[in-house]
There are 2 protein chains.
Amino acid sequence: MPKKLYQSVFDGIVQRIVGGGYAPGMMLPSEFEIAGEFGVSQGTARKALIELEKKGIVERRQGKGTFVTLRTPENSLFHFFRLRDENGNQVVPDLLDEKIRKREATTREHERLFGQPEEVFEISRVRSFEQKPLCHELSVVSVSLFPGLIERAPLPNTLYVLFQQAYGCAIISARDKLTAKPAGAVIGAALGVDPEVSVIAGSRESLDLLERVIELRDSVYLTDNVHYSVVMD
Amino acid sequence: MPKKLYQSVFDGIVQRIVGGGYAPGMMLPSEFEIAGEFGVSQGTARKALIELEKKGIVERRQGKGTFVTLRTPENSLFHFFRLRDENGNQVVPDLLDEKIRKREATTREHERLFGQPEEVFEISRVRSFEQKPLCHELSVVSVSLFPGLIERAPLPNTLYVLFQQAYGCAIISARDKLTAKPAGAVIGAALGVDPEVSVIAGSRESLDLLERVIELRDSVYLTDNVHYSVVMD
DNA sequence: GAGTGGTCTAGACCACTTT
DNA sequence: AAGTGGTCTAGACCACTCC
């Protein structure tokens, strides 16, 4: 039995979103309509919608309505690309190079990725900012979750937009583990810097709205002109 | 024009906290009592309390009451010390060395710190984890906000606990800017590592519950056995 | 059992956006 | 003017904590 009413309304709406009933960017029914459909009061429907908004699953705007969050290049960068310039402004990088291939999953990838895939796509990218190399990213996703991904190359600048719009998979949270290390020969060559240069290495797990691990991403950032921004509250 | 009612209740409670009417750790009146004092309904008082909880200013526990957030070494580390070990567990460091001195504020410190101080305390610390040097921290705070701080040496492991309990100044949020660089001669010597070793350098601004910049802190982390953890959602 | 916060209801009115 | 989310009220009952 569903314990809290607003929780079952929350779950019901999530189900409709993952099932495609509510498409990305689509307007949801009003609070009163949702309340009617689930047989609860408007205040309870409201609480479910507020929880959905807190999780980033929907967006609400007074006078307009409630909408399924649409991943755009802008909000994808803002939420998940944490590099900022000296003044704290968002860094919007360019894509310099991209390689994508299919390969067997490593043990760690098999264990961590949702669906325990045997095969994965590996997407290697080099990004630049103001004509200078900025970072190297190595993304790994399950082949079975993203069939035909390799035929879509070149991929758009922001992967999460593609994941949502082409595969209905919405990334809503991510966890980075950051360390400092020398760039090394391979990454150094890819970024055009000395192998001894210090870089931030970020190891990420990206989760969808059912909190499944969809992507593993290893990033390397040059921080000469930018920094990785963290807000704690 | 009249503000939002729950906002004025929120502000009223914040005032009582900064003014000392509600001390750290103290239990607040119940929702109904607060509603009565401010002349609003219980639901409106409730909304104000929920907002206070979201900001980390109070903590609510069903069946017990609402309490002014008490900064403890545990929650201070958990919220503001982002280093985790390989398994994602909180790193609890030891204090190896501490130096504190009074000096003139730099231009940047004068501009950024609340109160535009001419004089500051500079607290330099070296921390270790599992018998190995872990990080170097350089904290700077206004002399006028923390009179007599230098006489309190040696300071407790977690500064924010002292700030709240001895000076009534509650740090509730912080922003870190992270870069990678070589340790350098001075920090390398302090940490007992080669000057060429890559480290994460973190530049922090710490804010109190009125969003005033209370502390500037430059940290240097060795990330051989730990990482800096970031959660995005 | 008394007191607390947590959930839920039913209704009113306000503020904003669009037609 | 119509429709949306945002605020506010007044009351009921539930779940948890402590005596």
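Why does B:V141 count as buried? Because its relative accessibility is 0%. Buried here means under 20% relative accessible area, with exposed over 50% and partly exposed in between, using a 1.4 Å probe and protein chains only.

A quick word on the model. It is predicted, so local features need pLDDT of at least 70 and side-chain atom pairs pLDDT 80 or more, while totals for chains, interfaces and linings use all residues. Residues are numbered from 1 along each chain as written, chains are lettered from A and ligands numbered from 1 in written order, and side-chain values use heavy atoms, without hydrogens or water.

Back to B:V141. This residue sits in strand 6 of chain B, residues 132-142. Strands are DSSP runs of E, at least two residues; helices are H or I, at least four; both are numbered from the N terminus. Leaving out residues up to four places away in sequence, B:V141 touches B:L113, B:V120, B:F121, B:F146, B:L149, B:F163, B:I214 and B:E215. Touching means heavy atoms within 4.5 Å.

Now the DNA. 21 residues surround DNA strand D, and the closest include A:R60 and B:S41. Near means a residue heavy atom within 4 Å. Both chains contribute: strand 1 (58-61) and strand 2 (65-68) of chain A, plus helix 1 (5-18) and helix 3 (42-54) of chain B, each supply at least two residues.

What does the protein meet on that strand? Of the DNA atoms within 4 Å of the protein, 79% belong to sugar or phosphate. Take B:S41: a polar side-chain atom lies 2.8 Å from a phosphate oxygen. For B:K64, the side-chain distance to a phosphate oxygen is 3.1 Å. A:E31 uses a polar backbone atom, also 3.1 Å from a phosphate oxygen. Polar contacts here are N or O pairs within 3.5 Å; within protein, one atom must be able to donate a hydrogen and the other to accept it, and residues adjacent in sequence count only if both atoms are side-chain atoms.
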